[in-house]
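Here is a short briefing on one protein model. Look over the sequence and the structure first, then read the points below.

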Amino acid sequence: METKLARIAELAKHNPAMTFTSLAHLLNPEYLMQCHHQLPNRKAAGVKGTTKITYEQNLEENIEDLVSRMKQKSYRPSPDKRVYIPKDEKGKKRPLGIPEHEDKIVQKGMAPILNAIYENDFLDCSFGFRPQRNCHDALKVLNGYIERRYVNYIVDVDIKGFFDHVDHKWMMAFLKERIGDPSFLRIIARFLKGGYMEQAKHYKTESGTPQGNLISPILANVYLHYVLDLWFEQHVKKRIKGQAYLVRYADDFVCCFQYHEDAHAFYDALKLRLNKFNLEVAEDKTQIIPFGRFAAENHKKAGKGNPPTFDFLGFTHYCGKSKKGKFRVKRKTSKKKIASKLKQTNQWLKAHRHLAMKDIVRRLSRSLNGYYNYYCITDNVTAVVRFRDAVIQQFFKWMNRRSQRKSFGWEKFQLFLIKFPLPKPRAKVNIYERRNHISYIL
């Protein structure tokens with residue numbers, strides 16, 4: 001299968017106008033069997049309650065039946081099981097859809113095919129859910145634009161409920177630009193229309209891509225590739241006076257402009273552009289701000305104090321200076337992300353304070369290491385140290401509430417941490433370090 005995917009990628013790269021007319025046959029029993037084995041164990045089950053273990057009790061028969069139904073065009077994905085996860089510190093929740101195991105297998109098979117076709121189409125400004133690209137890469141490129149190009153204004157945009165408002169007709173129209181296999185397209189359309197189950201009631205979905213599905217990220221990238229990326233590159237940049245740059249991670253994106261009038265013209269045009277595709281700007285979360293090498297000086301002259309900041313990918317970006325006094329973009333963990341993570345940690349400690357303290361330390365260590373891997377970047381280690389201190393304070397509080405009597409004082413707790421230490425943060429990502437496969441700004 002790897003050879004076939006490589007061939008698809010090669011054809012897609014050398015023939016940008018090519019339409020792939022034969023893809024569904026790739027979803028054969030051998031390939032789908034492989035997809036089943038690649039799926040993780042112990043994942044939440046869908047509406048029918050089928051797990052990976054129960055499905056593989058009659059694996060060959062189940063796979064053969066699945067392939068047969070796809071060939072007969074009778075395969076229909078089950079509705080997703082709707083669950084909710086915490087979204088922010090205010091208690092808001094984000095809906096997720098848990099597909100049936102059989103549907104996970106099909107999506108697991110379709111995702112690499114879609115990636116092989118579209119990876120060479122996607123522009124360098126796109127970073128979300130793409131091979132060998134991550135959030136840190138997006139931050140590095142954005143940093144290069146602001147520090148080394150003529151950037152004086154930032155348009156920080158939030159699309160209102162993007163994943164819930166993707167227009168199915170437009171999505172299928174975009175896919176048909178590259179895919180001409182009606183069987184393959186039919187399966188995607190049925191996933192989009194599959195709906196979800198909540199409290200034993202089936203809800204239809206007339207728009208949106210379900211968050212939680214394996215193909216939703218690449219479908220979102222396809223949608224925004226045509227709606228935003230190509231439009232920005234081929235139309236916006238040709239109609240403005242100065243320089244302009246776009247950095248996008250999934251539906252979260254930032255635009256950089258040299259001139260104030262270009263930034264405002266873009267924002268007005270963006271609202272019309274998104275409206276055409278049934279999307280909407282969240283105006284309360286969108287801002288146009290002066291930002292760049294001259295922002296601090298201009299604000300100081302105008303008596304306005306420090307220039308505004310903006311949040312992107314969990315970091316608050318602000319204007320700073322290097323040790324030599326030169327302009328630098330600096331980042332710190334956004335207050336929203338800190339509050340959300342501390343609330344989550346506090347709730348976990350409260351619910352699991354009955355566990356052995358060694359087990360709690362082990363769990364906290366895993367959580368902290370994951371936090372460090374993302375947030376320990378250039379200029380932000382100090383903020384992460386403060387976060388760790390806050391976690392230790394929560395740990396101390398809940399260990400002293402394991403019973404009516406306090407377990408120990410602060411000095412005894414410090415001795416315990418010496419014996420069973422929590423990991424300390426250190427720099428993990430150098431924002432100025434380049435990776436060869438990413439087009440960095442020189």
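R401 sits in the loop between α15 (381-399) and α16 (410-419). Helices (H or I, at least four residues) and strands (E, at least two) are DSSP runs, numbered from the N terminus. This is a predicted model: local features need pLDDT of at least 70, side-chain atom pairs count only at pLDDT 80 or more, and totals for chains, interfaces and linings use all residues. Residues are numbered from 1 along each chain as its sequence is written, and side-chain values use heavy atoms, with hydrogens and water left out.

- R401 is partly exposed, with a relative accessible area of 46%.
- Buried means under 20% relative accessible area, exposed means over 50%, and partly exposed lies in between (1.4 Å probe, protein chains only).
- R401 and K87 are 314 residues apart along the chain, and their C-alpha atoms are separated by 28 Å.
- R363 belongs to helix α14 (residues 357-375).
- R363 has 27% relative accessibility, so R363 counts as partly exposed.
- Between the C-alpha atoms of R363 and R149 there are 44 Å, and the two residues are 214 residues apart along the chain.

**Y84 in strand β1**

- Y84 lies in strand β1.
- Its relative accessibility is 38%, so Y84 is partly exposed.
- Which residues does Y84 contact, leaving aside its neighbours within four places in sequence? They are K93, R94, P95 and E198.
- Contact means heavy atoms within 4.5 Å.
- Y84 and H352 are 268 residues apart along the chain, with their C-alpha atoms separated by 21 Å.

**Helix α4**

- Helix α4 (residues 59-71) has 13 residues, and at 1.5 Å a residue it should span 18 Å.
- The expected span of a helix is 1.5 Å times one less than its number of residues.
- The end C-alpha atoms of α4 are 18 Å apart, which agrees.
- Which residues of α4 are buried? They are L59, I63, L66, V67, R69 and M70.
- Seen down the axis of α4, these buried residues fall within an arc of 160°, so they line one face of the helix.
- The arc is that of the directions from the helix axis to the C-beta atoms.
- An α-helix has 3.6 residues a turn, so residues three or four places apart point the same way.
- On the other side of α4, E60, E61 and K71 are exposed.
- The cover over the buried residues of α4 includes α2 (29-38), α3 (52-55), α5 (101-118) and α9 (182-192).

**Positive phi values**

- K73 follows α4 and is in the loop between α4 and β1 (80-86).
- Phi of K73 is near 65°, a positive value in a residue other than glycine.
- K73 is partly exposed, with a relative accessible area of 42%.
- R42 is in the loop between α2 and α3.
- Phi of R42 is near 60°, which is also positive in a residue other than glycine.
- R42 is exposed, at a relative accessible area of 87%.

**Helices α8 and α10**

- The axes of helix α8 (residues 168-175) and helix α10 (residues 216-236) come within 10 Å and cross at roughly 85°.
- The two helices, α8 and α10, are therefore roughly perpendicular to each other, a term for angles of 65 to 115 degrees.
- From α8, W170, M171, F174 and L175 meet L219, A220, V222, Y223, Y226 and V227 in α10.
- The residues of this contact divide into ten nonpolar, no polar and no charged.
- Ala, Val, Leu, Ile, Met, Phe, Trp, Tyr, Cys and Pro count as nonpolar, Asp, Glu, Lys and Arg as charged, and the others, Gly among them, as polar.

Definitions and conventions
Axes are lines fitted to C-alpha atoms, for helices over the stretch in contact, and angles run from 0 to 180 degrees between N-to-C directions. Angles under 35 degrees count as roughly parallel, over 145 as roughly antiparallel, 65 to 115 as roughly perpendicular and the rest as oblique.
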